[in-house]
Amino acid sequence: MRKFLVVLWLSHSAVAIAQVPELENPGTIHAVQEREYRLNHELAFGVGVLPLDAFYKGLLLQLSYTTHFSDHLAWQVARGAYSYNVDTGLRKQLIRDFSVNPTAFEEVQYMVGSDIIWSPFYGKTAFLNKSVSHFEVFLIGGGSILNLANSTGGPGIFRPAVNFGLGARLFSSKHLSYRLDLADNLVVSKDKGIFNVPTIQLSAAINFGVTE
Amino acid sequence: MLTPAIALSALLAAAPATTIKKSAPPPLPADAKTSKEAAPQPEAKPVSKVDPKIFDQALEDYFDGNQKRAAAKFFAYVEATAQTEENYAWAQFFLAKSLIDLGLRHAGGLYLAKIARERGNPAVLPRALDELRSLTEVPHDERMIDEQVFGSLDLAFLPDETSGFVHYHQGLWDLRVGSERWALLHFAKLKEGSVEASRAKFAVLVTRLKEHQGATQQMVDDFLELANDEKLSRETRNESMLAVARLRYELKDFQGALDAYEKVQLPPLHPGRATLYLEEAWSRYQLGQIHAAMGLLTTLDAPVFRDEFVPDKYLLRAMIYKDLCHYLPAKRAAKELTRRFADSLEVIRDREDLTKDPRLKRAASAQGATQRAFKFLQSITLEGERVGRYAGSFGERLYAHLTKLYDLAHAEAQRNYDERLNESVRAEADKLLRAAEQVRLMEYEVGLKLYERVKRGAKLVTPEEDPELAGSQVAYKFDGEYWNDELRDYRVSLKSRCIEEAAR
């Protein structure tokens, strides 16, 4: 009985202590603001790199159009990128030193695709306590078709790919934002199996058709 | 803006002759004469004759951007030359310009005011008045510039633009001494649609607002018109909009008041004013928007407003808690006022010198004429310190003269500030006492509620659901870190704990 009373007293005290902050400072506080940047139709011009392949590095030029259904969901209707490939020198070394067949090395010439963009994160950050910048972080998922060709100039072949990645957008004004996209094209090939073509891109996105 | 070279040629064409006759030194300025009674000052050598070419050299120095050297030479010239000399007024003008450029605005203003009073050279006068106009936009000696120059200037032969400004100022002074009829005579001469005409309308409305007890719809409309007048500065338009809000509140048009408060435009990331938030909170409270009102009270706890004197804040918070039957927090909020202002209340009760209480003093110095006097005192102090920095370049005579001038000006600014402070600190003490009384009443009411018996079968009032976020809205949870862009957007979610009785 005594044990029971002690337990009862202790549990009562614990409940009372838990209630003190709520009694002293009841309620929760939120800053509720109108979302300052809302996207509608977006045209993005980007530059980027294909960094993975050891034989060449691709310098990308991309143009894309995205329509935003809501603040969180968008469809990148079309994107097209051309890759200007720069030889790293490894290819020549292999041919010269080990007589490897050049047709074995395929390079991305261009690619087109379409994606769904999901933006669950929207926030703001202070720059040197002087200004406030807004940003969002998004996930990308979609498909691509890559045109691959060997450096000897033979005809290119098309390969399908699954594209996924993530990106961040920094808003500059209601009509201009900057995007950083990190994506990977998972290329499916009958003869080579599955291989990756990652891309890193920085784009300037023009937003038009904003209603508010 | 004129480039120095163009300005030089324009000014030289306008008058200053390069040959100057030697003459007896003019008497020292009035301020300098009286300063002999002041504290020990640097000894100055007697005035010696100067080469007339010094004026040309000083002009050259001035346009070469060497204001320190130019000021010393202009001063030497002004001291050693008769007022009747053709270049005398020009020398005063450029001496003033040099001093202003060096950050010694008061000393510069003194020479400009002398030009305006002496009217020795009609070509210099409009330029001097223009410079004085610029000085009125920063803390300045109101008596010397507003009253003794613009308030008493003969309006004949002044250019239109300057004459408009002078009419405005003379009308303003008439308003201050309570003569609206005379003021309206001056204001009637202002060009319709000019900036001065808009400012004059604002001044008349503010004066009428102070004099009349009740608010009228006509006043609201007049202020609303001014609030949308693009010719006025943003600050004045905001003041007009605040006046609209306050008048509507007086007329019990709380929604109208709220609309007006929301139209007050703040620069990006500007924290705004504590009174603006408090008044908006009262309007929202009257409209039953207690969560938003509580949010605004949260804003008033921000570090930027920590030193603001807004005792009503505690009262309103206690009222909101009481309305939602959170009696302990209500009691605590009410007590917070007496706790926070304990020292000030004690000073009032003990009938001590109110100006010695830092909180009351700060509150009294934060608005109106006292604020202007305080800012002028600060600027005089700063400029007085600046004089010491130029001791080497100015030479003994100018340095001694400026030291005396600033000592006198500081003493006068201090006296003027103390006088105004004594008046306004009493008003702040009254405000605090009224709030403390309200709080005691609130504590009593809360005490009664706290021990009220709950009737059998009583139920908790069904809590109001928090409004859901609209698609275009975004919410950031507040964790004690204040962001300037959020100060107007805090919302407090607070459930009612009332039994049987509905919350307001």
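Trainee: Which residue takes a positive phi in the hairpin of β5(A) and β6(A)?
Mentor: That's A:Leu128, with a positive phi near 50°. The hairpin has three residues between the strands. Strands here are DSSP runs of E, at least two residues long, and helices are runs of H or I of at least four, numbered from the N terminus. Keep in mind that this is a predicted model, where local features need pLDDT of at least 70 and side-chain atom pairs count only at pLDDT 80 or more, while totals for chains, interfaces and linings use all residues. Residues are numbered from 1 along each chain as its sequence is written, and chains are lettered from A and ligands numbered from 1 in the order in which they are written.

Trainee: And how many bridges join β5 to β6 in chain A?
Mentor: 19, between β5 (residues 106-127) and β6 (residues 131-150), and the strands run antiparallel. A:Ala126 stands opposite A:Val132 in β6(A). Two strands pair if DSSP finds at least two bridges between them.

Trainee: What about β6(A) and β7 of chain A, parallel or antiparallel?
Mentor: Antiparallel, with 14 bridges from β6(A) to β7 (residues 157-171). There, A:Gly142 stands opposite A:Asn163.

Trainee: Zooming out, what's the pattern along chain A?
Mentor: Read along the sequence, it goes α-β-β-β-β-α-β-β-β-β-β, which comes to two helices and nine strands. Residues 24 or more positions apart make up 61% of the chain A contacts with a separation of 6 or more. A contact means C-beta atoms, placed from the backbone, within 7 Å.

Trainee: Is A:Phe98 buried or exposed?
Mentor: Exposed, because A:Phe98 has 7 C-beta neighbours inside 10 Å. The cut-offs are 20 or more other C-beta atoms within 10 Å for buried, 12 or fewer for exposed, and partly exposed in between, with C-beta atoms placed from the backbone. A:Phe98 is in helix α2 (residues 90-98) of chain A. Buried residues make up 23% of the 212 residues in chain A.

Trainee: Switching to the interface, how many residues of chain B are in contact with chain A?
Mentor: 23 residues of chain B, against 14 residues of chain A. The largest share of the chain B side, five residues, comes from β1(B). By class, that side has eleven nonpolar, six polar and six charged residues. Nonpolar covers Ala, Val, Leu, Ile, Met, Phe, Trp, Tyr, Cys and Pro, charged covers Asp, Glu, Lys and Arg, and the others, Gly among them, are polar.

Trainee: Which strand of chain A is joined to β2(B)?
Mentor: β1 (residues 28-34) of chain A, by four bridges, with the two running antiparallel. One of the bridge pairs is A:Ala31 with B:Tyr490.

Trainee: How does chain B average?
Mentor: Chain B averages 83, with 86% of the residues scoring at least 70. Over residues 1-41 of chain B, though, the pLDDT is below 50. Where pLDDT is low, the predicted coordinates should not be read in detail.

Terms used
Two residues are in contact if their C-beta atoms, placed from the backbone, lie within 7 Å. pLDDT is the predictor's confidence in each residue, from 0 to 100.
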